[in-house]
Amino acid sequence: MRRISDWGNYPVIEAETSGFDSVEQLRSRLAEPGELIAYGNGRSYGDASLQSRVVLTRRFDKLLAFDETTGELTCQAGVLLADLLDVFVPRGWFLPVTPGTKLITVGGAIAADVHGKNHHVDGSFGQHIRSMDVMRNDGSIITCSPARNAEFFNVTVGGMGLTGIILQATFRLRRIETAYIREETVRAANLGEVMDGFEAPGEWTYSVAWIDCLARGDALGRSILMRGEHATAGELVNPSHKHAPLKPGGGMKLDVPFMMPGFALSRLTVQAFNAAYYGKCRSGTQARIAGYNQFFYPLDSVGNWNRIYGRRGFTQYQFVIPKAAGREGMHRILERIAASGLGSFLAVLKLFGEQESFISFPMEGYTLALDFPISFKAMELFKELDAMVADYGGRLYLAKDSRMDAAMFARTYPNADEFRQAVAVLNEGGTRFASLLSRRIGVTG
Ligand SMILES: Cc1cc2nc3c(=O)[nH]c(=O)nc-3n(C[C@H](O)[C@H](O)[C@H](O)COP(=O)(O)OP(=O)(O)OC[C@H]3O[C@@H](n4cnc5c(N)ncnc54)[C@H](O)[C@@H]3O)c2cc1C
């Protein structure tokens with residue numbers, strides 16, 4: 001038995017853990033009856049990969065095939081996106097979709113159907129999967145794709161590991177000329193301005209805003225909107241960049257070596273940090289060439305930054321509300337968060353593009369993600385926010401959640417009941433895929 005948690009260190013549980021190097025080994029693990037769930041790299045925030053018995057997937061991490069002409073890659077599901085970038089960026093290829101950390105597995109990316117800064121143009125990670133192999137609870141392997149075993153494919157993408165263990169996947173990487181991003185940063189004085197920025201014609205491939213969720217009044221929603229494109233070789237100016245255009249700078253630099261005491265993160269420190277960050281960005285539009293690590297993964301440069309929140313842990317409240325309700329809804333929700341004074345460092349705002357899927361989180365609309373240290377007051381606030389999110393037709397992201405109840409899930413995910421039934425059918429037999437998350441939100445009994 002060992003103590004495990006996901007990224008928010010809430011909850012922390014005792015679990016029996018085991019990895020596997022081969023399909024046969026995994027099959028023998030599944031032959032033992034009881035409940036279990038796949039654990040990728042534990043970068044979901046709550047309890048999605050927690051259970052008294054977990055199967056660690058990280059050792060199952062081989063690259064199986066790559067087509068240099070099309071960028072089509074087949075790899076095992078335990079490989080980290082970080083490892084793919086290390087191998088393929090120097091060869092001129094990038095991920096089709098990446099979240100704000102590269103320290104996640106391909107299996108975790110599919111199971112949560114993760115989104116990135118290009119969702120409005122390229123959709124979610126799952127929309128790029130051409131085919132995948134999944135081991136079911138009886139040890140059989142299903143090959144599925146949008147055309148083959150499509151129902152099973154659709155319930156597995158975004159299905160949070162509840163249909164089986166994803167073994168391998170095939171998807172296409174995108175061509176890049178350089179490891180750099182041409183970035184434009186715009187300071188927005190309030191929520192209206194940043195939303196205008198998101199909705200302005202002339203699409204950028206990547207866009208996201210850091211928003212100061214403690215600012216109030218006329219400054220409510222003041223933000224820094226960041227947009228980017230992969231830089232072409234001709235756009236590089238720095239001689240060292242030009243000399244090695246596919247060699248990025250900036251990896252891991254700092255580390256938080258131990259859990260910080262609870263008082264380190266007070267409202268005042270957060271307010272000061274947010275004000276300094278906002279003030280650092282001059283008004284108007286700034287342009288620069290940034291390494292891809294700086295642009296996509298600023299948080300990865302501080303190892304174990306989750307320890308800043310101390311032993312009590314933290315959670316991320318991420319919701320989406322439909323675009324039509326976005327302006328009013330986001331305004332009201334932000335007002336409530338700012339008044340509570342509970343939100344922490346800069347929150348992330350993004351406009352998603354359209355997405356039709358069975359159980360995935362994204363829908364066309366505004367999504368806001370912000371971290372909260374675990375506290376009774378925060379839990380009380382979330383209940384109020386849940387009601388507002390649901391009233392505006394929105395929902396919460398399962399990969400970030402550690403406290404939503406079954407009623408909220410049933411009310412906000414249109415296919416919640418069909419999903420529960422599908423998982424029940426797939427779970428018939430000895431072994432059942434279930435997590436603390438699936439039990440809490442009523443998907444498994
Ligand atoms: C700093 C940070 C930034 C983030 N930014 C974003 C973002 O911008 N966009 C976004 O969408 N997400 C974001 N996330 C969330 C993260 O991308 C997802 O939670 C992702 O699923 C984590 O993958 P993992 O490999 O760590 O899997 P885990 O967290 O271990 O597991 C996540 C889920 O995937 C399932 N799973 C894992 N491997 C398999 C497998 N082989 N077969 C079947 N099921 C499997 C687990 O059972 C679980 O349900 C962020 C997380 C962090 C810490």
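**Helix packing, sheet order and aromatic pairs**

In helix α2 (residues 81–88), the residues Leu 81, Ala 82, Leu 84, Leu 85 and Phe 88 are buried, where buried stands for under 20% relative accessible area, exposed for over 50% and partly exposed for what lies in between (1.4 Å probe, protein chains only). These residues cover an arc of only 160 degrees around the axis, which puts them on the same side of α2; the arc is that of the directions from the helix axis to the C-beta atoms. The buried residues of α2 pack against β5 (63–66), β6 (72–76), β7 (93–94), α3 (106–111), β10 (165–172) and α9, contact being taken as heavy atoms within 4.5 Å. Helices (H or I, at least four residues) and strands (E, at least two) are DSSP runs, numbered from the N terminus.

The model is a predicted one, in which local features need pLDDT of at least 70 and side-chain atom pairs count only at pLDDT 80 or more, whereas totals for chains, interfaces and linings use all residues. Residues are numbered from 1 along each chain as its sequence is written, and side-chain values use heavy atoms, with hydrogens and water left out.

An open sheet of eight strands, with antiparallel pairing, runs in the order β16-β12-β14-β13-β19-β20-β18-β21; two strands pair if DSSP finds at least two bridges between them. At the edges stand β16 (285–291) and β21 (395–396), each with a single partner strand, so one side of each is left without a neighbour in the sheet. Strand β18 (residues 314–322) pairs with β21 in the antiparallel sense over two bridges, and Leu 396 in β21 is the bridge partner of Phe 319. Helix α11 (residues 376–391) packs on the sheet, where β18, β20 and β21 are touched, and its direction makes about 10 degrees with that of β18; axes are lines fitted to C-alpha atoms, for helices over the stretch in contact, and angles run from 0 to 180 degrees between N-to-C directions.

Across the whole structure, 23 aromatic pairs are found, a pair being rings of Phe, Tyr and Trp (its six-membered ring) with centres within 6.5 Å, and planes under 30 degrees apart counting as stacked, over 60 as edge-to-face and the rest as tilted. The rings of Tyr 206 and Phe 295 have centres 6.1 Å apart and planes at 70 degrees, so this pair is edge-to-face. Tyr 206 lies in strand β13 (residues 206–211) and Phe 295 in helix α9 (residues 292–296), so the pair ties together parts that are 89 residues apart in sequence. Both Tyr 206 and Phe 295 are buried.
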